[in-house]
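Welcome! Try each task before reading its solution.

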Amino acid sequence: MPRHHAVRPALVPVALLGLLWLVPAPAAGWGATGHRTIGRIAEHRLSPAARTALAELIGAESLPRISTWADDIRTDPAWAKAETWHYVNIADGATYENTKKSETGDVLEAIGRFSRILADRAAPREERATALKFLVHFVGDLHQPLHAGRADDRGGNDILVLWQNEPSNLHSVWDSGMIDASKLSFSELAEFIDHVEPEQEQAWRKSEPGDWAKESMALRSQIYDLGDHRLSHKYVARNWATVELRLLQAGVRLSALLEKLLVD
């Protein structure tokens, strides 16, 4: 999330002020396990034609493997321009359409831009492969609710919490805290949650990125129900079904998007 906003004291419980220096740096999307889970679910649904088209772009690499590439390159100065592509800031009660857009792009803009590149059969293979890697990641990012977040707390990065008695922030809890606490590998998590009724799957596949952002925003009251900001198993119990749902929706929708761009 953007790094130019100062932490607002109103967002920091007094009991946590002394722990400010211990809080991790701003988190970046679902953690590796979450992104790989989404990649595995999407890969499982691809048609033979889509699998062939993927192989032409990335060879033997898999969707789970390339799903974290967009985070891996964040330390590369050559890709500093991509920082804002991972998220979108939309205030409570606002819409994307009436929100001032980032001059450097956002996750919705990036999904549209890279979709056009991937669909262009005349574009250089390397450009299409890069677009694919970004899309696999950004579809996942948009389903992490705090990646369609509030600018004033940087998508929960400035909301300090104690996560299982360790200093953290709300964004990090949603990126990886709850998923890592499950002790599941990405393949195990994908296998456990990859079950959806055909009618529901078809509805998800027909949705658009703007819909995914609205779904993420609609979860805010649930996500920000923090009590004394000491989060543990009770918070997980209230939110784990939502984590599973968003991972599954992202996997299904990523598969549909790739079919559309690579085959249709």
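**Exercise 1.** At the start of H5, which backbone nitrogen does a side-chain oxygen of Asp106 reach to within 2.9 Å?

*Solution.* Some ground rules come first. This is a predicted model, in which local features need pLDDT of at least 70 and side-chain atom pairs count only at pLDDT 80 or more, while totals for chains, interfaces and linings use all residues. Residues are numbered from 1 along each chain as its sequence is written, and side-chain values use heavy atoms, with hydrogens and water left out.

Now go to the start of H5: the side-chain oxygen of Asp106 comes within 2.9 Å of the backbone nitrogen of Leu108. Helices here are DSSP runs of H or I with at least four residues, and strands are runs of E with at least two, numbered from the N terminus.

**Exercise 2.** Check the span of helix H5 (residues 107-119).

*Solution.* Step one: the expected span is 1.5 Å times one less than the number of residues. Step two: for the 13 residues of H5 this gives 18 Å. Step three: the end C-alpha atoms of H5 are 18 Å apart, which agrees.

**Exercise 3.** Find the buried residues of H5 and what they pack against.

*Solution.* Buried means under 20% relative accessible area, exposed means over 50%, and partly exposed is in between (1.4 Å probe, protein chains only). In H5, the buried residues are Val107, Leu108, Ala110, Ile111, Phe114, Ser115 and Leu118. Looking down the axis of H5, they fall within an arc of 155° (taken from the directions from the helix axis to the C-beta atoms), so they line one face of the helix. Their packing partners (contact means heavy atoms within 4.5 Å) include helix H2 (48-58), strand E1 (88-89) and helix H12 (233-262).

**Exercise 4.** Follow the salt bridges of Glu201 to Arg45 and Arg205.

*Solution.* A salt bridge is a side-chain nitrogen of Lys or Arg within 4 Å of a carboxyl oxygen of Asp or Glu; by this rule there are 13. Start with Arg45 and Glu201, whose side chains meet at 2.8 Å, N to O. Arg45 lies in helix H1 (residues 32-45) and Glu201 in helix H9 (residues 198-206), so the pair ties together parts 156 residues apart in sequence. Both Arg45 and Glu201 are buried.

Next, Glu201 also bridges to Arg205 (3.7 Å, N to O). These two both lie in helix H9, 4 residues apart, about one turn of the helix. Arg205 is partly exposed, at 24% relative accessible area.

Key. Polar contact = N/O pair within 3.5 Å; in protein donor to acceptor, adjacent residues only side chain to side chain.
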